[in-house]
Amino acid sequence: MQWLMRFRILWGIHKSFHNIHPAPSQLRCQSLSEIGAPRWNDYEVPEEFNFASYVLDYWAQMEKEGKRGPNPAFWWVNGQGDEVKWNFREVADLTRRTANILTQTCGLQQGDLLALILPRVPEWWLVAVGCMRTGIIFMPATIMLKAKDILYRLQMSKAKGIVTTDTLASDVDSMASECPSLKTKLLVSDHSREGWLDFRSLVKSASPEHTCIKSKTVDPMVIFFTSGTTGFPKMAKHSHGLALQPSFPTSRKIRSLKTSDVSWCLSDSGWILATMGTLVEPWTAGCTVFIHHLPQFDTKVIIQALLKYPINQFYGAPSIFRMILQEDFTSIRFPALEHCCTGGEVLWPKDQEEWKRRTGLLLYNVYGQSETGIICATLREMKIKPGFLGKASPPYDVQVIDDKGSILPPNTEGNIGIRIKPARPVTLFMCYEGNPEKTAEVECGDFFNTGDRGMMDEEGYICFLGRSDDIINAS
């Protein structure tokens, strides 16, 4: 970890930033009048898109031109007083180095699969973006996995590489002979291990020069293993289009992030919410991603962080807010906090009301799955209806349907469905990798059947009535 904190000193060697590549000019001109990363309308799909070059490198260029403020892009802390702060130029440099490690040192190629099993450490962000730059498909997973779970994922995916820590390295070594596709192992640690490449040493010596691939929007980017509440986890494969969602105008209104914001999304690094809420969404807005290592969940640490740091955007599962409310305080005011958003579990109206009473803040709801990203939400400009998730978030056309795919009238219980015909939304998962039967099963007429039950009122607000399989897991 010390090399990360020393990186600002090392960065001084590269003050010319000769390796910063401007965002494509045809995209830069699509920005609105204020400084901001490229935007499209809610249903426009560019032929090419890569988050690393179109968004992250855009903000690095804005910093170079003095058009973005001094706020860091990434701010990481732990409970021992360590702190890492990077601006976008530093993130761009480090992720290009990581891209070179993955391709040159590890020998991975576009389309290869890489298992990414790390806790909330800065290297998680470097590897995820490094994969985007190279076209390597990354597969995040929680560090809570048991050995049998890791084996299942490596065998099912035929992953060619893995990035993890000391904690899981011995488990990986014990099963390596059963995973013939696994060719390269990267260790994130302050200690070396036989048979593993030392990621931290390699980053220091890797070249910062790298040209991002020109990926099609529909090219594969990431695979999320579903939570497996019924049956074995499935591999939900997403294209680069998933990372396009926060660029859509309606999606931007969910949290209305600004470059001056400090956003803390408290999600386990293995879930889709981490990829979207701690990387893609905040960096699309050019704001600061705040991360607390938090190796063990501790409500008191969360409260202290909200009191100590200038966090004004907080995002987490309903259970997090519920546990904060269980602490012994009649009322509490977090000095910087302005907006709270929750998703991934059922939000009870009583918790929503109690949060407002005791903190003075509204609690907005979003809903999605591993296959979808955010399906519907209560935007900041919308009224909150307790017990309702919000309205459909474009590019999704969300309807309540019967088992044959017919749209049901308002206030009628049915399946929550997303229209996929005549055009499939680019933000929706591509397929269950290696499982065409399951992919076909979730298609219901002109709709993708989420498997969750709900109803829609006359205003278009959707009420969640029951869970079945693989709703997005956020904590």
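A: Gln399 has Gly417 of strand E18 as its bridge partner, and strands here are DSSP runs of at least two residues (E), helices being runs of at least four (H or I), numbered from the N terminus. This is a predicted model, in which local features need pLDDT of at least 70 and side-chain atom pairs count only at pLDDT 80 or more, while totals for chains, interfaces and linings use all residues. Residues are numbered from 1 along each chain as its sequence is written, and side-chain values use heavy atoms, with hydrogens and water left out.

E17 (residues 398-401) and E18 (residues 414-419) pair in the antiparallel sense over 4 bridges, where pairing requires that DSSP finds at least two bridges between the strands. From E17, Val398 and Val400 point one way and Gln399 and Ile401 the other, and all are buried, that is, under 20% relative accessible area with a 1.4 Å probe and protein chains only, whereas exposed means over 50% and partly exposed lies in between.

Asp457, in the loop between strands E21 (447-456) and E22 (462-466), also counts as buried, because its relative accessibility is 8%. Leaving aside neighbours within four places in sequence, Asp457 is in contact (heavy atoms within 4.5 Å) with Lys385, Phe388, Pro410 and Asn411. The C-alpha atoms of Asp457 and Pro410 are separated by 5.1 Å, although these residues are 47 residues apart along the chain.
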